[in-house]
Amino acid sequence: MRKILLGLSSLIAGVMIFYLFQPQVAVAEDFQQPIAFSHKTHASDNKVPCEFCHIYARRSNSSGIPPLVTCNQCHSVIKGTKDDQKKEIKKIEEYWNKKQPVPWKKIHDLPDFVHFSHKRHVQAGFDCTECHGEISNLDVITMDDMKADLSMGWCVDCHKKEHITSGDKVIGQVRETRGGPVVQNAPQPKQDGTLQGSKDCYICHK
Amino acid sequence: MSKGMKRRDFFKVAATSGAAVAVVGCTEDPVEKIIPMLVPPSDYVPAVSIHFATTCQECAANCGLIIRTREGRAIKAEGNPEHPLSGGGICAIGQSSLQGMYSPSRAKSPATQNDGSSSLIGWDKGLGILSEKLEATKAKKGKVLYIGPARSGSINKLIDRFVKGLGSAKYLRFDSSPTNSIKQANQITFNKNEIPDYQLEKAKTLISFGADFLESWVYPVKLTKSYTEMHAFKHGVKGKYYHVSPHMSLTGSNADEWVSCPSGGEAIIALGIANQLLGKSKISGSEKKALRDYLEEFSAEQVASQTGVRTSKLEELAKEFGKNGKSIAIAGGNTAGADATQLQVAVNILNYVAGNIGQTIVFGADYRIGGDSTEEIVQALKDAGKYDIVFIENVNPAYALPQDSGVVEALKGAPFVVSLSTERDETSALAHLHLPTSHYFESWGDSTPRNGVFGLQQPVMAKLPMFSTKEIGDLILLAGSSAGLSGFDADNYQEYLKEQWQAVQKKMGDRSAFQTFWTDSLKKGGQYRDFSSDKVSFSTKALKQKVKSSLSVNGMTLLAVNTTLHHSNGAAANRSWLMEVPHPITQIVWDSWVEIHPKTAVKLGIKHGDLVEVKTPKGSLELAAYFYYGIEENTLVVPAGMGRSVPFPTYKSSHGKSIITPVIETKSDLRVEGFKVGENAAGVLPFKTDAQSGDLVFTSGGVSIKPLGKKAYLVTMDGQFKDDIEALEADTLGLMGDRSQKGRGFVQTTTMGNMLGHSEEKAHGHHLRHRLYTMDRKDNTDFYDPREEDVAYHAEWAGKKKPKYYDPYKWEMSIDLDRCTGCSACVVACYAENNIPVVGKDRNAVGREMSWLRIERYIEKNEETGTPEIYYTPEMCNQCGNAGCEPVCPVYATYHNEDGINAMIYNRCVGTRYCSNNCVYKQRKYNWRSYEFPSPLHLQLNPAMTVREMGVMEKCNFCYSRIREMKDIAKDQGRVVADSEIKTACQQTCNAKAITFGNIMDKQSQVNKIVSTTKRGYKQLEEVNFKPSITYLKKVKHNNRKA
């Protein structure tokens, strides 16, 4: 009886582990983007603010991936300086001529049962980097570069915190622009209150 | 532990399998793509709903719609509150229009068809073939036939010009609903060939002679609204409604009294009442004399002997109806039978005698309901062989007409049939060339359902990419210009429509710039104004109509009826929501049935649920027998509009039963193949039309029924299981069981006398007579603390910060059962809003339906009259303040949220189902499988709601996604949500305005006012003290005879 049960449980375990190696699990190569877009070149070297492209972050739940027309508006003029830049920028032109959108791959991916509002967090004064990290320093973003794992525990931890505010806006490091470089020795605004996220499950679970 | 296993072994087993499960549970999702738009429209914002006003084309009533879109996809259809006909609500079929657009059985691309084989050819080739044919026809001035749907818009003019330009042509509009008899009778009686405005709200008494005005008769959405205005209890007043028909339909079940009469007896009764009223009538002189002569033979005694309606009942009807123009009689619909026009004339005479014309029946509106005479259409189709081209656009005569009509054979013999239908249906299968048109959600159009209403229909989204289609307007313009006709040079149909609307602007007397007018019309869904009423006078010509005062009976009579979910045109019969939602009276899903009187059935040796053969003179059907007292003893009723033979998802499990391991169903397992649901009742009727109007007759005499000695696979959702049949109150006749409330008092009633303070509360005690326990605590205190105090106590005790409850919101609902008609539009709306899966017949049979909202139906017997009384109540999660489900959840997947909602966190749920066991209202539904939304139906899914998977519990959450959306908008504007800003999906679609929803903490809110001031509020199963958030308002009866 004991042998049978142990055998059976190992068998179940075996079957489960077999499923583990099925191709549904994402691996690093899967995140290769169709165009080698560099956040560093845009946001850091050329100081393009985050919300210049991600225009919906302030007014919607979704920050939005820039539509191809946004890329094309600049890159119909800016063709790149280095060879590899020229090669990648040419791809935009190709997509545009084919009238096809770019099939980007999602790195910061929340589960489908989660409701997350960019608008609410941006309007409360949080900076993009608080969740996404210093994206502007990265050429290629992978899962490993994510500042936060976007797990529920991480969300709840932050929602438990009493965030210090000034004029109803959360105080953080002073930056040149949202998501941009930190201004050193900037004067800190005066604290006048705190802000805490809701702990109702229905705030995020939909 | 038992002998065979030691404790340590148990842990080993548990540990290894547990680890394995844990590992599998944490596999990552595959990489998702995030594809932005190429060039977004200027007002586009992702994750924000955008609403478009358009017009419903499911029937010719053309209600106004507001379509909610997300990321460019239509996800929900709602009524347009500004539209004078729909006024905010829509019907069940209108709700399901989304499934029409995302239908898996839509035609993919143009195709040529030859002897059953079809090949996809693409538009270039398809249009090439068409223009070749058109040029040839034009050259020889050939004959053209165009059959289109019944509608009233600019497209009619365009099509007319198109077909007439080709040669000698006929353009006919097909609608199987019998409405021409109304126009014809008004022509005879009042010299006015129109469908008038029936202003039920002005009447105190309503008599319907078989007209199912809450379901399908002329413009049901508007009539439901005005009916509730008249009939729902308000300020101490409530109208009376009698239904005179051989069949107590859903509409009839709402009546204060159903008067059973044999099929064809309606006209006799109408004239019998007129006869009684004539004495007191204001009509005078020769007219009165002529009427007296005419009505002479319809004395109470004569009518009683012919129809079996007692003279005392006739006198009562006459007394109630004589209200000096404050009453209304209507008639018609599928039960009208072969002499539909005569019945209409009889009812016109009755209304005229009662002085209702110009009072409650107002001419001048000219409703464009219904198509051309069916007789004429069938004649034209039979001559299909003589036409060079036959166009058939989005109508399905091959399905909707009786097989006996010979239309299918005629179409097979036609030289060239072009189908312009959106779906691949029975008629397009007979076409030589199929050029699929876009769904109306993807097309431009307009409509004029009555004088003064100009509805505009705009595309609410881009054309679905998987279907290569063209808008009907564009297609006609293309065809016209390729045939070299003049007047077809508009760039596209939108431009053409704008030209046409310049005339509308003039008619409306609008002087702004056209672009302003156009944008305004698009926003409002059209332009609306009142119609000017026309005076009509009685024409004694009507008295030449001889209504037979005696009935000849030949065998049994079969009625093929429309319901709120099934329409004889069959367009809605392949929409899974309408199959899955139980028919309000029978509670049958995924099937058609035959309703039979138990006494008749027992005489013929038929038991409830038996498979029976119904034989008409022209065919036979195998159906399940459904025992129903709401039917005349010599009549059988079968729902029309089912039995389509088009492919749509089967929703059948592909696995057998497995004993050891649970069955895991993946996407690849699910079959999507053609199968037939129910039987086409109209198909076996002998083809007959009303001689005067050409209306199709949906009744057949000479019908027989016999048992086939087998049980049918009949699935009813009213919980009629074996135990019920042995219940105390069970009707043992033919084992039909107990359909009553079994004393549980879900639907409570009160009387007019009680409401006005004249009599004691009798009804209440009656309903609760079976209760074993009540909540009569002497000191009137509660066993439990209020939730806020309770939570505050525990938080303090644990040293935590106190959470805020019910500040500023606590969502509550009130449901007025005196208004609810049971139409089930709310149920369909709930399916659409909340991504509720359709599970199919097999799973419904084992009680695994997923509906969050159900219309519960109870049938009780009127002790005095012996007729059945039907009660409906919408049942959904009560969001209890002291819920049974919450404390038993071992993983806190369900909890009480700050707004008073019993929140359900799906990914936290482990599926113990304790909550469901502990819910007294049985409102929790468990996902036994991961259900499939077959492509492209998945595109309709609401992104604001999770699509649930196998193993989790779910239930109504008061449309929390809508609450969240509105709270979000309010927060942006720095305010709290105002009253009636949030409407739940069920409330939004309700034509009867039975549901009120809002914040009970707001003293000014509508729901607070109702709940705090009503004298007829009650909570269901109040004695278990779950503190439900839904307050039901008792149904008000005129007297206490009921139940």
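Two strands pair if DSSP finds at least two bridges between them. Helices (H or I, at least four residues) and strands (E, at least two) are DSSP runs, numbered from the N terminus.

One bit of housekeeping: this is a predicted model, where local features need pLDDT of at least 70, side-chain atom pairs count only at pLDDT 80 or more, and totals for chains, interfaces and linings use all residues. Residues are numbered from 1 along each chain as its sequence is written, while chains are lettered from A and ligands numbered from 1 in the order in which they are written.

**Exercise 1. A hairpin in chain B**

Work out how E29(B) and E30(B) pair, and what sits in the turn.

Step 1. Take strand E29 (residues 854-861) and strand E30 (residues 868-875) of chain B: their pairing is antiparallel and runs over 8 bridges.
Step 2. Now the connection: the two strands make a hairpin with 6 residues between them, and B:Gly866 in the turn has a positive phi of about 80°.

**Exercise 2. Chain A in outline**

Describe the make-up of chain A, then its open sheet.

Step 1. Chain A has 8 helices and 4 strands, in the sequence pattern α-α-α-α-α-β-α-α-α-β-β-β.
Step 2. Of its 206 residues, 15% count as buried (20 or more other C-beta atoms within 10 Å of a residue's own; 12 or fewer is exposed, in between is partly exposed; C-beta atoms are placed from the backbone).
Step 3. Next, contacts (C-beta atoms, placed from the backbone, within 7 Å). Among those in chain A with a separation of 6 or more, 70% come from residues 24 or more positions apart.
Step 4. The open sheet has 3 strands in the order E3-E2-E4, paired antiparallel. Its edges are strand E3 (169-170) and strand E4 (193-195) of chain A, each pairing on one side only.
Step 5. Strand E2 (residues 163-166) of chain A joins E4(A) through 3 bridges, and A:His163 stands opposite A:Leu195.

**Exercise 3. A parallel sheet and its helix**

Find the strand order of the open 4-stranded sheet of chain B, and say what packs on it.

Step 1. The order is E12-E11-E10-E13 (chain B), with parallel pairing. E12 and strand E13 (327-331) of chain B are the edge strands.
Step 2. From one strand to the next, the twist averages 15°.
Step 3. Strand E11 (residues 240-245) of chain B is linked to E12(B) by 4 bridges; B:His243 has B:Trp258 as its bridge partner there.
Step 4. Helix H12 (residues 311-321) of chain B packs on this sheet, touching strand E10 (205-209), E11, E12 and E13 of chain B, and its direction makes about 130° with that of E10(B).

**Exercise 4. Where domains 2 and 3 meet**

Domain bounds come from an automatic or database domain assignment. Characterise the contact between domain 2 and domain 3 of chain B.

Step 1. The assignment puts domain 2 at 180-363 and domain 3 at 556-735 of chain B. Taken over C-alpha atoms, 30 Å separate their centres.
Step 2. The contact uses 25 residues from domain 2 of chain B and 27 residues from domain 3 of chain B.
Step 3. On the domain 2 side, helix H6 (180-190), helix H8 (250-253), strand E12 (257-260) and helix H13 (340-353) of chain B each supply at least two residues.
Step 4. That side splits into 8 nonpolar, 14 polar and 3 charged residues (Ala, Val, Leu, Ile, Met, Phe, Trp, Tyr, Cys and Pro are nonpolar; Asp, Glu, Lys and Arg charged; the others, Gly among them, polar).
Step 5. Zoom in on H6(B): 10 of its 11 residues are buried, including B:Ile182, B:Ile188 and B:Phe190. Their cover includes strand E9 (195-198), H13 and strand E14 (361-367) of chain B.
Step 6. After H6(B) comes B:Asn191, whose phi is positive, near 55°.

**Exercise 5. Two packed helices**

What is the angle between H18(B) and H19(B), and which residues meet?

Step 1. Helix H18 (residues 493-508) and helix H19 (residues 514-524) of chain B pack at about 95°, axes 10 Å apart (axes are lines fitted to C-alpha atoms, for helices over the stretch in contact; angles run from 0 to 180 degrees between N-to-C directions).
Step 2. So H18(B) is roughly perpendicular to H19(B) (65 to 115 degrees; under 35 is roughly parallel, over 145 roughly antiparallel, the rest oblique).
Step 3. B:Lys498, B:Trp501, B:Gln502 and B:Gln505 of H18(B) meet B:Phe514, B:Phe517, B:Trp518 and B:Ser521 of H19(B). The tally is 4 nonpolar, 3 polar and 1 charged.
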